[in-house]
Amino acid sequence: MSASDRSLSKSFYISTPIYYVNDVPHIGHAYTTLACDVIARFKRLDGFDVLFLTGNDEHGQKVEKSAEAQGITPQELCARVSGRFQALIETMNFSIDDFIRTTEPRHIEAVQAIWKRMAEKGDIYLDAYSGWYSVRDEAFYGVDELVDGPDGGKLAPTGAPVEWVEEPSYFFRLSAYQDKLLKLFEQPGFILPESRRNEVASFVKGGLKDLSISRTTFKWGVPVPGDEDHIVYVWLDALTNYITATGYPDQQSELFQKFWPADIHMIGKDILRFHAVYWPAFLMSADIDLPSRVFAHGWWTNEGEKISKSLGNVIDPFELVETYGLDPVRYFMMREVPFGNDGDFSKTALINRINADLANDLGNLAQRSLSMLNKNLDGLVPVPGALQPQDEAILAQAEGMLDAARGHIDDSLIHKALGAVWDVVGDANKYFAGEEPWALKKTDPARMGTVLYVTAEIIRNVALLSQAIMPGSAAKLLDLLAISEAERGFGFFGAAHRLAPGTLLPKPEGVFPRYVEAEAPS
RNA sequence: CGCGGGAUGGAGCAGUCUGGUAGCUCGUCAGGCUCAUAACCUGAAGGUCACAGGUUCAAAUCCUGUUCCCGCAACCA
């Protein structure tokens with residue numbers, strides 16, 4: 001299928017990484033998936049058929065060992081942890097279309113199929129993998145990293161003893177793809193943010209070695225086709241999930257035809273190399289189309305401190321939602337930090353955002369205008385009079401939001417899309433204060449009605465766009481405007497679908513409460 | 001000399017490519033309003049734009065050097 005056919009069909013495929021089950025869900029997982037959710041919702045509202053995929057990576061030596069340590073099978077461990085990730089999806093209101101687990105038969109079939117294709121291409125060969133290995137660290141070290149031990153032996157930088165190990169391993173001819181990869185990186189927007197592209201390109205320019213893609217030291221994984229002593233390297237296994245979900249190896253399937261290649265692989269900056277180097281090389285080898293974009297977002301710190309288990313400052317997304325509410329947390333994470341940058345998660349900043357942007361600006365704008373409408377016009381949407389230049393100006397600004405937001409979303413600049421919306425919210429408050437409808441109530445009730453109409457219409461458009469970021473709260477706003485479920489897509493945005501005069505609106509209720517910190521027990 | 005990014009009022013950022021009165025959000029202070037969620041609106045204070053030199057009529061912006069911070073350098077979102 002050509003690119004133009006794809007755009008006609010308006011399909012959109014976005015993925016999160018599959019999260020490794022040797023961990024419990026934390027803010028990082030929530031953040032990556034949230035970014036995808038916002039984009040996926042935006043695209044659906046904008047008329048696209050969307051495939052939004054997430055899941056779990058369940059194979060690998062660490063999983064096997066953890067399970068053993070806990071006296072359960074790897075399957076049991078995976079089921080348990082995967083359940084937590086699926087609970088996070090519920091809690092965060094993520095609109096996923098599919099949840100993949102690498103232990104599923106469909107995935108194992110896909111991994112073995114892509115392996116065979118790569119092997120047929122002549123890109124896989126058997127050799128020996130060797131190096132200084134520390135059993136304690138579960139890691140290989142370069143000879144230049146080692147230090148001399150007291151008894152003449154070698155030690156890892158961590159102080160752990162190392163031994164020279166050699167095991168047979170299949171290798172992928174990654175080195176053969178260096179030039180093709182560098183050419184790929186020239187494609188605008190393939191790696192975002194831009195600064196990351198430079199990093200990856202300079203890494204590739206430094207020379208690529210062939211990649212070991214099988215292991216014989218453990219069993220918990222996908223067996224190599226034709227040589228079951230070998231287990232497929234976890235990253236080849238994991239990355240393949242993106243095509244598994246589109247029905248691979250059946251490239252004629254409806255899903256594959258419709259959604260592959262993916263529009264965005266959303267990832268954290270730590271796993272950029274696997275997605276921007278290994279994955280495209282694997283796909284090139286297997287003659288499969290390449291994804292359009294890999295976006296590597298930044299990391300959170302907690303009150304300025306790096307987050308780590310040893311520091312004990314891990315942020316639990318379940319607790320966050322419990323404390324501050326789902327939509328405020330969603331808004332904060334997407335708005336506070338330029339998407340792609342690192343950001344700091346501070347309680348003060350969070351409360352500030354919630355109260356300033358949501359409660360004071362948007363929530364209060366809705367409340368002050370809809371209350372007047374309710375009290376003075378019996379809750380009926382008024383018939384607007386002739387629009388004044390300032391009415392036209394603010395409406396034009398509001399009705400320009402969609403194009404602006406669309407552009408920013410297509411550039412994966414989620415914070416800018418939100419910024420465009422909140423600019424309008426701010427100006428709408430200025431407009432409202434400037435027109436003083438409470439004064440017009442006595443001097444010119446018809447004009448008051450017009451001002452309230454214009455304000456309500458702005459709120460309608462803001463609420464339509466806000467559905468992508470805060471689905472629950474936006475729905476409440478639209479309920480307050482008596483907008484039916486059928487009229488909430490972006491097709492109803494703008495001047496052609498303005499509020500119908502005469503519509504009865506319900507009594508307004510606050511949608512975004514201020515967050516007031518509980519009195520600290522003294 | 002490994003490669004790259006950055007240093008702008010109390011905090012976080014934009015502006016640097018295409019030199020020409022230093023801008024935004026939050027915070028602080030004062031005033032206004034009273035429709036509204038102690039909200040909203042207006043105004044003010046606060047910066048020798050890391051440091052040193054150079055080019056220029058003019059430099060946050062271009063050039064050189066210095067200091068400091070950060071990312072990447074084969075497996076933690």
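Buried means under 20% relative accessible area. The exercises below use this cut-off on a predicted model.

**Exercise 1. Cysteines**

Task: Decide whether Cys78 is buried or exposed, do likewise for Cys36, and state how many disulfides the model has.

Solution. 
Step 1. The relative accessibility of Cys78 is 1%, so this residue counts as buried.
Step 2. For Cys36 the value is 0%, and therefore Cys36 is buried.
Step 3. A disulfide is a covalent bond between the sulfur atoms of two cysteines. The cut-off for the pair of sulfur atoms is 2.5 Å. By this rule, the count of disulfides is 0.

**Exercise 2. Asn56 and its surroundings**

Task: Locate Asn56 in the secondary structure, classify its burial, and find its polar partners.

Solution. 
Step 1. Asn56 belongs to strand β2. That strand spans residues 49-57 and is mostly covered, with 8 of its 9 residues buried.
Step 2. Asn56 has 0% relative accessibility, so it counts as buried.
Step 3. Its side chain makes a polar contact of 2.8 Å with the side chain of Ser82. A polar atom of the Asn56 side chain also lies 3.0 Å from the backbone oxygen of Tyr19.
Step 4. Leaving aside neighbours within four places in sequence, the residues in contact with Asn56 include Ile18, Val21, Phe85, Phe99, Ile100, Arg101 and Thr102. Tyr19 and Ser82 from Step 3 are also among the contacts.

**Exercise 3. The parallel sheet**

Task: Give the strand order of the open sheet that holds 6 strands, name its edges, and follow the pairings of β1.

Solution. 
Step 1. The order is β3-β2-β1-β14-β15-β9, and the pairing is parallel.
Step 2. The edge strands, each of which pairs on one side only, are β3 (98-101) and β9 (191-192).
Step 3. β1 is joined to β2 by 8 bridges, and the two run parallel. One bridge sets Ser11 against Asp49 in β2.
Step 4. Strand β1 (residues 11-20) is also joined to strand β14 (residues 264-268), in parallel, by 2 bridges. Here Ser15 has His265 in β14 as its bridge partner.

**Exercise 4. The antiparallel sheet**

Task: Work out the order of the open sheet of 3 strands and list bridge partners found in β13.

Solution. 
Step 1. Strands of a sheet pair through backbone hydrogen bonds, either parallel or antiparallel. In this sheet the pairing is antiparallel, in the order β11-β13-β12.
Step 2. β11 (214-215) and β12 (223-224) are the edge strands, since each pairs on one side only.
Step 3. Between β11 and strand β13 (residues 227-232) there are 2 bridges. Ser214 is partnered with Val232, and Arg215 with Ile231.
Step 4. On the other pairing, β12 and β13 are antiparallel over 2 bridges. Pro223 stands opposite Ile231 in β13.
Step 5. The hairpin of β12 and β13 has 2 residues between the strands, and Gly226 in it takes a positive phi near 85°.

**Exercise 5. The surface near RNA strand B**

Task: Describe which residues come nearest to RNA strand B, which polar atom pairs occur, and which elements supply the surface.

Solution. 
Step 1. There are 40 residues around RNA strand B, and Gly28, Thr32, Asp270, Asn352 and Asn364 come nearest.
Step 2. Phosphate oxygens of RNA strand B lie 3.5 Å from a polar side-chain atom of Asn360 and 3.4 Å from one of Asp361. A base nitrogen is 3.4 Å from a polar backbone atom of Trp300.
Step 3. Two or more residues of this surface come from each of α2 (27-45), α7 (194-205), α11 (272-285), α14 (347-376) and α17 (414-435). The largest share, 11 residues, is that of α14.
Step 4. By class, the surface has 15 nonpolar, 14 polar and 11 charged residues.

**Exercise 6. Helix α20**

Task: Identify the buried residues of α20 and what covers them.

Solution. 
Step 1. In helix α20 (residues 471-480), Pro471, Ser473, Ala474, Leu477, Leu478 and Leu480 are buried.
Step 2. Their cover includes α2, α13 (326-335), α14 and α19 (445-466).
Step 3. After α20 comes Ala482, with a positive phi near 55°.

Key: Residues numbered from 1 in each chain as written. Chains lettered and ligands numbered in written order. Predicted model: local features only at pLDDT ≥ 70, side-chain atom pairs only at ≥ 80, totals over all residues. Heavy atoms only, no water. Near = heavy atom within 4 Å. Polar contact = N/O pair within 3.5 Å; in protein donor to acceptor, adjacent residues only side chain to side chain. Helix = DSSP H or I, 4+ residues; strand = E, 2+ residues; numbered from the N terminus. Nonpolar A, V, L, I, M, F, W, Y, C, P; charged D, E, K, R; others polar. Buried < 20%, exposed > 50% of the residue type's maximum accessible area, 1.4 Å probe, protein only. Pairing = 2+ DSSP bridges. Contact = heavy atoms within 4.5 Å.
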